[in-house]
Amino acid sequence: MPIDWINGLIGGIMIGTAAAMYLLMSGKVMGASGILGGIIDRTHKKPGNENLIFISGLILFPAFFNFLGVLSSSVTAETYLSGNFILVIIAGLLVGSGTRLAGGCTSGHGVCGISRLSVRGILATLIYILFGILTVVIFKYFTGLN
Amino acid sequence: MHKIIALISGGLFGIGLYISQMTNTRKVQGWLDIFGDWDPTLTFVMGGAIIPMFFAWKIINKREKTFTGCAIPPRISREINQPLIIGSVLFGVGWGLAGLCPGPAIASLSFGESNGVIFLIAMISGMFFISKVLKI
């Protein structure tokens with residue numbers, strides 16, 4: 001539906017603006033997996049590292065926005081994440097280990113890498129999109145879900 | 001100063017993910033399902049996000065410091081190595097299975113869904129395994 005595309009474009013520009021601000025002011029690449037990984041590695045204890053605050057904003061602002069209830073009916077606070085715990089755990093392990101190995105995810109390699117014309121970012125993005133497509137197509141074929 | 005920037009950047013990122021519905025796994029899986037009832041939304045999200053960042057890189061590449069006097073990111077790496085490729089394959093499979101990537105997985109904690117928390121714990125465990133157990 002076109003309203004979804006417009007919401008997508010507006011949301012996308014907000015994501016890009018957030019990343020641009022983080023780069024132009026703090027000199028950092030806004031990658032969700034890298035920022036979370038920095039907390040796991042405890043590099044957030046170093047002065048000048050605001051990873052925990054970034055993650056807090058990432059959680060609190062959408063919650064506040066949701067609380068205000070200003071969004072149109074086409075925007076839902078539902079994730080529709082699978083109820084199959086085994087699948088959710090396997091997917092989570094793959095996303096965590098994969099993004100850590102690759103050194104980035106959709107925000108770091110995708111948004112920040114492609115816009116920088118980084119060969120690593122573009123290649124990583126092509127690979128995870130290809131394997132994402134294969135997974136969805138094969139999974140749908142075997143489970144018959146639509 | 002940098003604490004405020006981190007809070008606003010993270011917050012804007014989260015609201016952007018919410019409005020663009022990247023927190024909705026059906027939108028993401030619908031985009032990956034190219035042979036089914038394809039949902040083009042993610043194309044607009046990616047395109048919208050790349051535009052401001054394209055100009056941000058142009059600006060920062062002409063400077064020696066950021067606007068607040070911080071060091072700018074190191075020069076671009078061109079090294080294509082095994083971890084990059086294997087990691088992207090694993091991430092792609094997990095992304096397709098659940099329809100969540102790290103940013104939306106964290107942002108969707110806002111909605112207080114229990115299996116979202118399970119996904120996040122598994123994701124953090126995966127990161128921990130690579131960096132602390134395998135020490136890659």
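Which residue of chain A forms a salt bridge with Asp33(B)? Read on through the close-ups below, which come from a predicted model.

**View 1. Asp33(B) meets Lys140(A) across the two chains.** The partner we were asking about is Lys140(A), and the closest N and O atoms of this salt bridge are 2.6 Å apart. Between chain B and chain A, the count is two salt bridges. Over all chains, the structure holds five.

**View 2. Lys27(B) and Asp4(A) make another salt bridge.** Here the side chains meet with an N to O distance of 2.6 Å. The pair crosses between chains: Lys27(B) sits in helix α2 of chain B, while Asp4(A) belongs to helix α1 of chain A, residues 2-26.

View 3. Together the two chains bury about 9,600 Å² between them. Carbon and sulfur atoms account for 78% of that buried area. Polar contacts turn up too: 24 residue pairs between chain B and chain A are in polar contact, counting pairs with both residues at pLDDT 80 or more.

**View 4. A nonpolar patch on the surface takes in residues from chain A and chain B.** From chain A come Leu117(A), Ile122(A) and Leu126(A). From chain B come Ile51(B), Phe54(B), Phe55(B), Ile59(B) and Phe67(B). Together these residues have about 760 Å² of accessible area. Two or more residues of the patch come from each of α6 (119-143) of chain A and α3 of chain B. Which of the elements gives the largest share? That's α3(B), with four residues.

**View 5. Chain A, looked at by itself, has six helices and zero strands.** Follow chain A from the N terminus on and the elements run α-α-α-α-α-α. Along its principal axes, the C-alpha trace of chain A spans about 50 × 40 × 30 Å.

**View 6. Chain B, looked at by itself, has six helices and zero strands.** Starting at the N terminus, the elements of chain B read α-α-α-α-α-α. How far does the C-alpha trace of chain B span along its principal axes? The answer is about 45 × 35 × 30 Å.

Key
Residues are numbered from 1 along each chain as its sequence is written. Chains are lettered from A and ligands numbered from 1 in the order in which they are written. This is a predicted model: local features need pLDDT of at least 70, side-chain atom pairs count only at pLDDT 80 or more; totals for chains, interfaces and linings use all residues. Side-chain values use heavy atoms; hydrogens and water are left out. Buried area is the accessible area (1.4 Å probe) that two parts lose on being put together, summed over both. A salt bridge is a side-chain nitrogen of Lys or Arg within 4 Å of a carboxyl oxygen of Asp or Glu. A polar contact is a pair of N or O atoms within 3.5 Å; within protein, one must be able to donate a hydrogen and the other to accept it, and residues adjacent in sequence count only if both atoms are side-chain atoms. Patches are made of residues with over 30% relative accessible area and no salt bridge: like charges are joined within 9 Å, nonpolar side chains (Val, Leu, Ile, Met, Phe, Trp, Tyr) within 5 Å. Accessible areas come from the Shrake-Rupley method with a 1.4 Å probe; for residues, only the protein chains shown count as cover.
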